[in-house]
Amino acid sequence: MKLIDGRAVAADIMSEVSAAARDLRSAGTDPTLAIVVPTRDEATAWYVRSIERAAARAGVTSRVENLHDPDAAEVAEVLRKLSADPSVHGVICQTPLPDGVLLEEVAAHIDPRKDVDGASPTSLGRLAAGLPTFAPATAAAVLELLHREGVALTGTRTVVVGRSTVVGKPAALLLLNEHATVTVCHSRTADLETVCAEADVLVVAVGRPHFVGAEHIKPGAVVIDVGTNPTDDGGLAGDVDPAGAEGRAASLTPVPGGVGPVTAALLLRHTVTAARG
Ligand SMILES: NC(=O)c1ccc[n+]([C@@H]2O[C@H](COP(=O)([O-])OP(=O)(O)OC[C@H]3O[C@@H](n4cnc5c(N)ncnc54)[C@H](OP(=O)(O)O)[C@@H]3O)[C@@H](O)[C@H]2O)c1
């Protein structure tokens with residue numbers, strides 16, 4: 001089984017982003033990404049730090065706005081202010097959000113031109129309609145990895161496990177826009193193993209460590225593991241059991257080092273694109 005090197009893909013994207021950021025700076029624009037963090041969740045903090053580090057390497061300024069137990073009105077107000085700030089080019093709102101605050105609702109307050117994580121209803125609607133837009137970066141990372149692996153998607157049996165608005169649904173829409181035959185699974189899918197085992201391309205975004213094992217994987221499948229589950233030793237585990245995938249999958253994205261670094265690189269690519277106007 002081949003391990004797909006997300007870090008190498010991210011490094012390629014990052015060199016494009018660095019060049020674009022340099023050009024923007026010499027033209028007097030300081031490309032800036034604002035990250036709203038409404039939670040103290042450990043996995044989120046890890047992810048935000050990785051974006052900040054990547055931004056610093058690429059010459060993109062990052063600005064983190066930590067909110068403590070905000071309500072929906074507070075999150076919306078911060079997103080509105082950042083969207084109206086001409087020195088900010090990209091605005092993202094991290095999940096999970098506090099109980100009662102829905103990303104689908106608060107993200108409506110992000111200007112779609114600055115919505116570099118494709119979270120607003122406008123961006124998602126455009127994605128569903130097949131119109132140009134910023135797609136959610138994690139979903140876009142899934143496609144970027146499949147493209148760079150040379151996986152032919154047209155007509156391919158593809159299964160996405162997970163239907164969140166941030167990952168599963170947009171990944172399914174992007175795959176559909178590329179003419180894959182897409183099945184979306186979730187917690188109420190009957191006989192999940194059998195459905196997954198029919199997939200030539202299996203995308204897993206469930207949020208349960210090592211949830212997918214050998215029995216879910218068709219021999220020769222390409223498996224993209226989106227899961228990032230914190231482990232007791234301070235590391236990260238994917239949603240796919242690598243030992244189960246070994247000997248069945250043709251290729252697998254490792255965790256860490258697969259989808260995560262590509263996601264961060266694409267957020268920055270989207271930010272320099274937004275800064276170009
Ligand atoms: N690498 C990255 O850049 C990146 C970015 C974002 C997220 N992530 C990671 O990706 C994972 C998923 O994130 P998310 O935000 O999409 O999570 P989420 O909002 O919790 O959604 C999880 C999805 O998995 C489904 N699910 C849960 N248990 C299941 C089961 N037993 N069988 C089948 N489906 C099941 C849920 O189904 P229902 O809809 O029926 O509840 C839901 O659709 C997490 O580990 C997260 O940390 C990684």
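Reader: Which backbone atom does an oxygen atom of the ligand come within reach of, and how do I read such a pair?

Author: Look for N or O atoms within 3.5 Å of each other, the cut-off for a polar contact. In this predicted model, an oxygen atom of the ligand is 3.4 Å from a polar backbone atom of Val226. A nitrogen atom of the ligand is likewise 3.4 Å from a polar backbone atom of His186.

Reader: What about an N or O atom in the side chain of Thr228?

Author: That atom is 2.7 Å from an oxygen atom of the ligand.

Reader: Now the helices, please. At what angle do the axes of H6 and H7 cross?

Author: The axes of H6 (residues 137-148) and H7 (residues 168-177) cross at roughly 40 degrees and come within 8 Å, so the two helices are oblique to each other. Their crossing is right-handed. H6 brings Ala139, Ala140, Leu143 and Leu146 to the contact, and H7 brings Pro170, Ala171, Leu174 and Leu175. By class, these are eight nonpolar residues, with no polar and no charged ones.

Reader: And how do H2 and H10 pack?

Author: H2 (residues 42-58) and H10 (residues 259-276) pack at about 55 degrees, with axes 9 Å apart, which makes H2 oblique to H10. This crossing is right-handed too. Tyr47, Ile51, Ala54, Ala55 and Ala58 of H2 meet Thr263, Ala264, Leu267 and Leu268 of H10. Here the classes are eight nonpolar, one polar and no charged residues.

Conventions
Residues numbered from 1 in each chain as written. Predicted model: local features only at pLDDT ≥ 70, side-chain atom pairs only at ≥ 80, totals over all residues. Heavy atoms only, no water. Axes fitted to C-alpha atoms, helices over the stretch in contact; angles between N-to-C directions. Helix = DSSP H or I, 4+ residues; strand = E, 2+ residues; numbered from the N terminus. Parallel < 35°, antiparallel > 145°, perpendicular 65-115°, else oblique. Left-handed = near helix turned anticlockwise from the far one by under 90°. Contact = heavy atoms within 4.5 Å. Nonpolar A, V, L, I, M, F, W, Y, C, P; charged D, E, K, R; others polar. Polar contact = N/O pair within 3.5 Å; in protein donor to acceptor, adjacent residues only side chain to side chain.
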